[in-house]
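Here are my notes on this one, written as numbered points. Have the structure open while you go through them.

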Amino acid sequence: MNFNLTQIPDRTKKPRNHGLTMVMDKGLSLEEAKNFLSVASPHFDILKLGFGTSFVTPNLRQKIELYQSANIPVYFGGTLFEAFLIRNQFDEFVSVIKDYGIKHIEVSDGSITIPHAEKCGYIEKLSKIAVVLSEVGSKDAEHIIPPYKWIELMNAELGAGATYVIAEARESGNVGIYRGSGEVREGLVQEILTKVPSEKIIWEAPQKAQQLYFLELIGCNVNLGNLAPHEVISLEAMRIGLRGDTFHLFLDKA
């Protein structure tokens, strides 16, 4: 850090296995990505090329190599996995992953219906070639999954070989673990945490109020995802009590 302050909570050090910040790149240019890395690379851990943007992103290979050269793992959004799957192109998806040197894979079923045993089968296969992040929850705001089912799905997917489970929220933060207003489904979250280790869950939390909720509930080393690139520094400051929302959260607790 740039100067000394006492009573700063201990952040896990990179490479982290929890306390992760996952960023969504929805179309940064190569120059924008370089500028982003120059500021934020110490403070985020993994980058998702959002939904299916990697299919239409110019200079895709160079962008992936740029992030990887900064020791930032890159993965394709789960929507791309689903797009290959619904077209019966799973083997081609695996070939693409290998061709681009991707070491992390998101397995999701937010846009299509996959029998859960089949989804776990894909997780098991893909975990042999990459770190799997499996997303739980639907992108359909009308599809409400009861808490016991979230727990059952998350634990089954971890058991199948997923390293982390991602709690679905979309990039807007208004489905899955959130209501349409963006408000956290607190009872759902707290019930999940009774049965699933918090270190294994990445909570999609694109909105500041959502990030604050999880920091207050779990602490500075909660795993948070779907951050916009320009929010990384702000989040890191908030994680350690250097933003008004968390200013008093860690005082006399470090």
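**Notes on the fold, cores and cavity**

1. Phe84 counts as buried, because its relative accessibility is 16% and the cut-off for buried is under 20%. Keep in mind throughout that this is a predicted model. Phe84 sits in helix H3, which covers residues 78-86. Leaving out neighbours within four places in sequence, Phe84 is in contact with Gln89, Phe90, Glu92, Phe93 and Val96. If you want a distance to check, the C-alpha atoms of Phe84 and Val94 are 9.7 Å apart, with the two residues ten places apart along the chain.

2. Now the sheet. Eight strands make up an open sheet, and the order is S3-S2-S1-S8-S7-S6-S5-S4, with parallel pairing. At the edges are strand S3 (74-76) and strand S4 (104-107), each of which pairs on one side only. On average, neighbouring strands of this sheet are turned by 25° against each other, direction ignored.

3. On one stretch of that sheet, strand S1 (residues 21-25) pairs with S2 in the parallel sense over four bridges. Met22 is the residue that stands opposite Ile46 in S2. Helix H2 packs on the sheet and touches S1, S2 and S3, and the direction of H2 makes about 140° with that of S3.

4. Thr53 lies in the loop between strand S2 (46-49) and helix H2 (60-69). Is Thr53 buried or exposed? Thr53 is buried, since its relative accessible area is 9% and anything under 20% qualifies. Not counting residues up to four places away in sequence, Thr53 touches Asp25 and Lys26.

5. Next, strand S6 and the strands it pairs with. S5 (residues 131-136) and S6 run parallel and are joined by four bridges, with Leu133 opposite Tyr164 in S6. S6 and strand S7 (residues 201-204) also run parallel, joined by three bridges. Ile166 has Ile202 in S7 as its bridge partner.

6. Which way do the side chains of S6 point? Tyr164 and Ile166 point one way from S6 (residues 164-167), while Val165 and Ala167 point the other way, and all of them are buried.

7. On to the nonpolar cores. The largest has 65 residues, and among these Trp203 and Phe214 touch the most other members. Helix H6 (residues 147-160) gives the most to this core, namely six residues. There is also a second, separate core of eight residues, including Tyr75, Tyr164, Ile166 and Ile202. As a general point, nonpolar side chains in soluble globular proteins tend to be buried together. Going back to Phe214, its contacts, not counting residues up to four places away in sequence, are Ile177, Tyr178, Val189, Trp203, Ala205, Gly219, Val222 and Leu224.

8. Last, the cavity. How many cavities of 30 Å³ or more are there? The count comes to one, and the largest cavity has a volume of about 30 Å³. The residues that line the largest cavity are Tyr75, Phe76, Gly77, Phe81, Phe93, Ile97, His104, Ile105 and Glu106. S3, helix H4 (90-99) and S4 each supply at least two residues of this lining, and the largest share, three residues, comes from S4.

Notes. Residues are numbered from 1 along each chain as its sequence is written. This is a predicted model: local features need pLDDT of at least 70, side-chain atom pairs count only at pLDDT 80 or more; totals for chains, interfaces and linings use all residues. Side-chain values use heavy atoms; hydrogens and water are left out. Buried means under 20% relative accessible area, exposed over 50%, partly exposed in between (1.4 Å probe, protein chains only). Contact means heavy atoms within 4.5 Å. A nonpolar core is a set of buried Ala, Val, Leu, Ile, Met, Phe, Trp, Tyr and Cys residues joined through side-chain atoms within 4.5 Å. Two strands pair if DSSP finds at least two bridges between them. Axes are lines fitted to C-alpha atoms, for helices over the stretch in contact, and angles run from 0 to 180 degrees between N-to-C directions. On a 1 Å grid over the protein atoms alone, a cavity is a set of points where a 1.4 Å probe fits but cannot get out, and a pocket is an open set with protein on both sides within 12 Å along at least five of seven lines; lining residues have an atom within 4 Å of a point. Grid points are joined across faces, edges and corners, and a volume is the space filled by probe spheres set on the points.
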